[in-house]
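Dear colleague,

I am passing on the structure that follows, and below it I set out what was found in it. Please read the notes with the structure open beside you.

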Amino acid sequence: MFFEQVLQQIINGLMLGSIYISVAVAFTLAIGILNFLNFTIPALYMFAGMVGWSLSHYGLPFGLSGPIKWWFALFIGINCAILASLLVERFTYRYFKMKHGDATEHAIPLVSSLGFLLIFEYLILIAHGSDTRGFSTPFTNLDWRVAGFIISIPQLISLILSILIVAALSYLLIRTKVGRALRAIAENPDAATLMGIDVDRIVPVVFILIGFLCGVSASIFAINYHEVSPYMGDHVGTKAIAAMVIGGLGSVWGAIAGGLIVGLSETLSIYFFGASSAQITVWSLLLLLVVFKPTGLFGHNAIGKGKF
Amino acid sequence: MSEFILKLSNISKSFGGVKVLENVSFDVEKGSRHALIGPNGAGKTTLFNVISGIHDPEKGTVYFKGKDLRGVPSRKRIHKGLSRSFQNIRLMPHLSVLENVMLGQHSRIDFVDMFKPLDFLSKSSGKGEAIETLKSFGIDLHKGQTVSSLPYGIRKKIEVVRALMAKPSLLLLDEPAAGLNTAETKKLRDFLKEVSRRGITLLLVDHDMPFVNSLCNQVSVMNFGQLIYDGPISELKNDRKVLEAYLGSENNLEGSNA
Amino acid sequence: MSGYLSGVLAILGINVIFAYSIYITAATGQLNLGGAGFQAIGAYACAILSNELGLPIYLTLIFSAILGGAISFLIAFPVLRTKGVYMVLATFAIAEIVAGIILNSDFLGGPTGMIVNNYIETEVVLVVAIIVVFLGFYIMSTRIGLAMRAVHDDEAVADLMGVNKRAIQVSAFTIGGSIAGLSGGLYALYFGFIEAQYFNANISIFVLLYVLIGGTQTAWGPLLGASFFTLIPEALRIGDDWRFFIFGVIIVAMMILRPEGIVTRDALDRVWSKLFSRKSNV
């Protein structure tokens, strides 16, 4: 009985982790390629979810249409997250030129992204208030019972979908021309420019991917948990940062492992030690890793050292 | 005269499998003006970094004033009288001229004096000395400006003065004349001769041969991480190996620098 | 003093003190994104000492500062092994762990929070704030301050100049932690109620932004940054949501137009020389 319960918790943890995966990959892309701790990511995630809800509840703004079907609303939500992410690129990277290379200067994109975090979060709060909103889809109570365990089918699909997206991304990074350019920028932006890579045109690709991953992840969340809120990004964002660190900064596959580990440690720690213990477990794990093994489980040495 | 302030014996260093320094040995005589020259990538700056403790050599020993510097962290080498400037100017961009120069005094300041406000107790804190030194070298304080806004030539000079403020016995200068025009180079030469007269040994890397010829009395030549010449500057022209190394390279021993 | 004005001034004082705690670390080039954690440590220390031991106000405040400093000192060694983005993450993690411990501890009131039995007036907050501001200016005016700024600009060269970078950074982090603890103690005593949820990530983010927008080059930065972002919204009397939205816009704009912060050394020197020349003309 005990083992069965624990096993059920493990299943739940893996499912929860699937939500974190895409967001963790978004964080890890920004750090790995641009050396940029992008704090806008939780806001983009929330933005996609709330835009999706607003469209499915009210329809297009200014009364242009009635409520929109849930799947199309989420699709538009994802695109809005991509556009918002490109806006961030415009104001963090496009105008940013290193002058002295001192410590505070390295932090400029990070600080800008904190600014955008506030902008998106409070824009939504101004528009829709702080309530949690129900998001209804046709998928309710689609549980699959296998040998006494409950597996939610949308969650299972979400997990598989997350892994497929990351696999596609990994293919993109390794096999395609854009991917090679991105990796060249990750190695050394100056050398990449010399090699004839148009950095200003390639960097937005990273932000499009970030927006896309956040949007998809928010949609998965909305479908699985039937709700969205202006604060949904905070929880997922911090967990995804933890997942990124555990997987190793800049490692796409590491982010998958990290997301699942965080999801697992969260549910197991809640199961064994009570509701609010997860925070201590996850962050202690992260702190120990950052201090004693900053490369995480799969990360590279050079990334993020001494820079932001 | 055979008292050596710096003795390098069999220094080797490699980065990622590439040998940058290979068994480099030479001595720097006390009170001399010693040049270290060689084509780009010969390992001169790496050798400076080994001497100042930024890199540990894989093999070999650095003796300073007869003592092995192994295990002496880079931070403590300035206390022993070893001070340096950098190839690409590394002044603190957000400090003023005076503050940069005063930072050079850091190694000589008592613990208690560290806690005295600089603006009120200037005499005890070395501020007066810093102002005097700048004046004696003809450098304006440029009050109300951080160094990042000053012209290249002035910053180059400030960096040398900052290194001098530690009252070193050996001053390492990495390409002090690079990027200066002829008039500025002449001024720098006279300035360094004055420094030398004050009893400070100079070891400098530079590509500007007329500058090196008119300033230094000893020279070591490096090529591909190896020492190929070490001796008085007057006999450099007659050395076959040096001529071979420089043949076809952009650095001309006789004429102007590249 | 009207109740409203005195309330605003107290918040201003606490924010200014808090800003200096983050500034001292930022001046050495290290970003502490865990300010709320250290503030929480001070606040809870103060509350426990008042409630359980009945210590007088000044003692509880001193203990808040000491505990904040002691804990910072202990974690400074592992945390300062990290750099850049890892340091940001490590400090962020510390704040989350502190909040997590408080939420899980019945002794500390858990999620329901804690009532503090002692109370201070606005004047106390302001006096402490003035002392902290003076301390900030004093440190930055000494050679220690010079060395801190040197480490901020170029660690490697500062090291070659004989600056003990590690000692400087550990001391700055410790002093920062104790000032943050002090600000937490004042918060607890002024508001009379504390809860873990207040000391959240947003608080850490805001205070870091006050400092960076104010400017890390001079000791004026945190004073101006904290005052600006505390007083302007009060003066404009805008709602909380709009306040933070505009705050975000200002940050993004500042990072593009003036990333070194409002107060820079160049600007300050220009102002001084203007004031000075006017005086000599009279």
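Leaving aside its neighbours within four places in sequence, which residues is C:Gly248 in contact with? They are A:Gly115, A:Phe116, A:Leu118, A:Ile119 and A:Tyr122, where two residues are in contact if their C-beta atoms, placed from the backbone, lie within 7 Å.

Before going further, please note that this is a predicted model, in which local features need pLDDT of at least 70 and side-chain atom pairs count only at pLDDT 80 or more, while totals for chains, interfaces and linings use all residues. Residues are numbered from 1 along each chain as its sequence is written, and chains are lettered from A and ligands numbered from 1 in the order in which they are written.

C:Gly248 is found in helix α11 (residues 240–257) of chain C; helices (H or I, at least four residues) and strands (E, at least two) are DSSP runs, numbered from the N terminus. C:Gly248 counts as buried because it has 23 C-beta neighbours inside 10 Å, the cut-offs being 20 or more other C-beta atoms within 10 Å for buried, 12 or fewer for exposed, and partly exposed in between. From C:Glu123, C:Gly248 is 125 residues away in sequence and 31 Å away in space, C-alpha to C-alpha.

Turning to the chain interface, 41 residues of chain A are in contact with 41 residues of chain C. On the chain A side, α4 (103–106), α5 (108–128), α10 (232–247) and α12 (277–292) each supply at least two residues, and the largest share, twelve residues, comes from α5(A). By class, this side of chain A has 26 nonpolar, eleven polar and four charged residues, with Ala, Val, Leu, Ile, Met, Phe, Trp, Tyr, Cys and Pro counted as nonpolar, Asp, Glu, Lys and Arg as charged, and the others, Gly among them, as polar.

Not counting residues up to four places away in sequence, A:Cys214 touches several residues, among them A:Val23, A:Ile41 and A:Tyr45.

Chain B has eight helices and ten strands, and 41% of its 258 residues count as buried. Its domain assignment, with bounds from an automatic or database domain assignment, gives domain 1 (1–81 + 169–258) and domain 2 (90–167). The centres of these two domains of chain B, taken over C-alpha atoms, are separated by 26 Å, and ten residues of domain 1 are in contact with nine residues of domain 2. On the domain 1 side of that contact, α6(B) gives the most, with three residues.

Chain B also holds an open sheet of four strands in the order β2-β1-β4-β5, with antiparallel pairing, two strands being paired if DSSP finds at least two bridges between them. Its edge strands are β2 (18–29) and β5 (67–68), each of which pairs on one side only. Strand β1 (residues 4–15) of chain B is joined by five bridges to the antiparallel strand β4 (residues 59–64) of chain B, and B:Leu8 stands opposite B:Val62 in β4(B).

With kind regards
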